[in-house]
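Here is a briefing on one protein chain. Please look over the sequence and the model before reading on.

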Amino acid sequence: QDNCTGAVNILMATVQFDLYFKKKETFMGKLLSLLNRRIKRVLKDQRGSVDILIILFTFFCCVTLAFPFSKVFITYSNLNSMAKIVVEDVEFRGLVDTETHLLIQRKLADASLSDLNPMYKFTGDIKPSGKIQLQDEFTFEVAVTEKLTFANFTGHPFSIEIPITKKIDGVSQNYYRASEL
C-alpha cells in the first residue's frame with residue numbers, strides 16, 4: 001500500500017506541475033484535470049492499486065498516441081514559418097527568380113521538409129520575367145505529405161499519408177517602370 005501511495009504522489013506531482021495546460025481549455029488540460037480528479041478520488045476511497053494501474057495505463061496510452069500526431073503539427077508549423085519567410089522576401093524584392101527558388105530550397109532543408117516531397121507554386125499578377133509590380137497581389141502555395149506510422153501487434157506497422165498545404169497571399173512592395181517590366 002505504501003509503495004502504491006508513493007507512486008501516486010509522484011504521478012500527482014507530475015500532473016500538478018503542468019499548470020499551463022490546466023489554464024488552457026485544451027485536450028491535454030482536460031485530460032490532466034480528469035486524471036488528477038481520479039487519483040484524488042482513489043486516494044480518498046482507499047479502494048486499492050488496481051484503479052491506479054488502470055488510470056496510469058490509460059494516461060500512458062494517450063501520451064503514446066499523442067507522439068505520432070505531434071509530428072504533423074510540427075511539420076505544419078515549420079511549413080508555415082518557411083512560407084512566411086518566402087512571401088516576405090518576394091514582397092520586398094518584387095521578383096520571383098532563381099534566387100527565390102534557392103531560398104525556398106534552403107528553407108525547406110532548414111526545416112527538414114525537403115524529404116517530404118515538397119511542391120510549391122506562385123500564382124497571381126506575376127509578369128513573364130518574374131517581376132511583380134507595386135501593389136500587385138500574388139499567392140505562394142506549398143504542399144508536403146507527412147507520413148504517420150503506427151505500430152500494431154502483428155509486427156507490421158501501418159502508415160497514413162497526410163497532405164499538408166499552406167497558402168499565403170502577398171503584395172509586392174517594389175515599383176518597376178514600364179520599361180523595366
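F140 is buried, with a relative accessible area of 0%; buried means under 20% relative accessible area, exposed over 50%, and partly exposed in between (1.4 Å probe, protein chains only). This is a predicted model, in which local features need pLDDT of at least 70 and side-chain atom pairs count only at pLDDT 80 or more, while totals for chains, interfaces and linings use all residues. Residues are numbered from 1 along each chain as its sequence is written, and side-chain values use heavy atoms, with hydrogens and water left out.

**Overall layout**

- The protein chain has 5 helices and 3 strands. Helices (H or I, at least four residues) and strands (E, at least two) are DSSP runs, numbered from the N terminus.
- Along the sequence the pattern reads α-α-α-α-α-β-β-β.
- The protein chain has 181 residues, and 32% of them are buried.
- Its accessible surface comes to about 12000 Å², with 59% belonging to carbon and sulfur atoms. Accessible areas come from the Shrake-Rupley method with a 1.4 Å probe; for residues, only the protein chains shown count as cover.
- Among contacts between residues at least 6 apart in sequence, 61% join residues at least 24 apart. Contact means heavy atoms within 4.5 Å.

**Strand pairing**

- β1 and β2 pair in the antiparallel sense over 6 bridges. Two strands pair if DSSP finds at least two bridges between them.
- Y120 has V142 in β2 as its bridge partner.
- β2 and β3 are also antiparallel, over 14 bridges.
- L148 has I160 in β3 as its bridge partner.

**Nonpolar core**

- The largest nonpolar core has 24 residues. Such a core is a set of buried Ala, Val, Leu, Ile, Met, Phe, Trp, Tyr and Cys residues joined through side-chain atoms within 4.5 Å.
- L79, V86, V90, F122 and F140 have the most contacts inside this core.
- α4 (49-93), α5 (98-110), β2 (137-150) and β3 (158-171) each supply at least two of its residues.
- α4 gives the largest share, 7 residues.
- Beyond four places in sequence, V90 touches L95, V96, T100, F122, I132 and F138.

**Aromatic cluster**

- Y120, F122, F138 and F140 form one aromatic cluster.
- The chain has 3 aromatic pairs. Rings of Phe, Tyr and Trp (its six-membered ring) pair if their centres lie within 6.5 Å; planes under 30 degrees apart count as stacked, over 60 as edge-to-face and the rest as tilted.
- The F122 and F138 rings have centres 6.4 Å apart and planes at 50°, so this pair is tilted.
- F122 lies in strand β1 (residues 119-124) and F138 in strand β2, so the pair ties together parts 16 residues apart in sequence.
- F122 is buried at 16% relative accessible area, and F138 is buried at 1%.
- The F122 and F140 rings have centres 4.8 Å apart and planes at 35°, so this pair is tilted.
- This second pair links distant parts of the chain, with F122 in strand β1 and F140 in strand β2, 18 residues apart.

**V142 in β2**

- V142 lies in strand β2 and is buried, with a relative accessible area of 0%.
- The C-alpha atoms of V142 and M119 are separated by 5.7 Å, although these residues are 23 apart along the chain.
- Leaving out residues up to four places away in sequence, V142 touches L79, M82, A83, M119, Y120, I164, T165 and K166.
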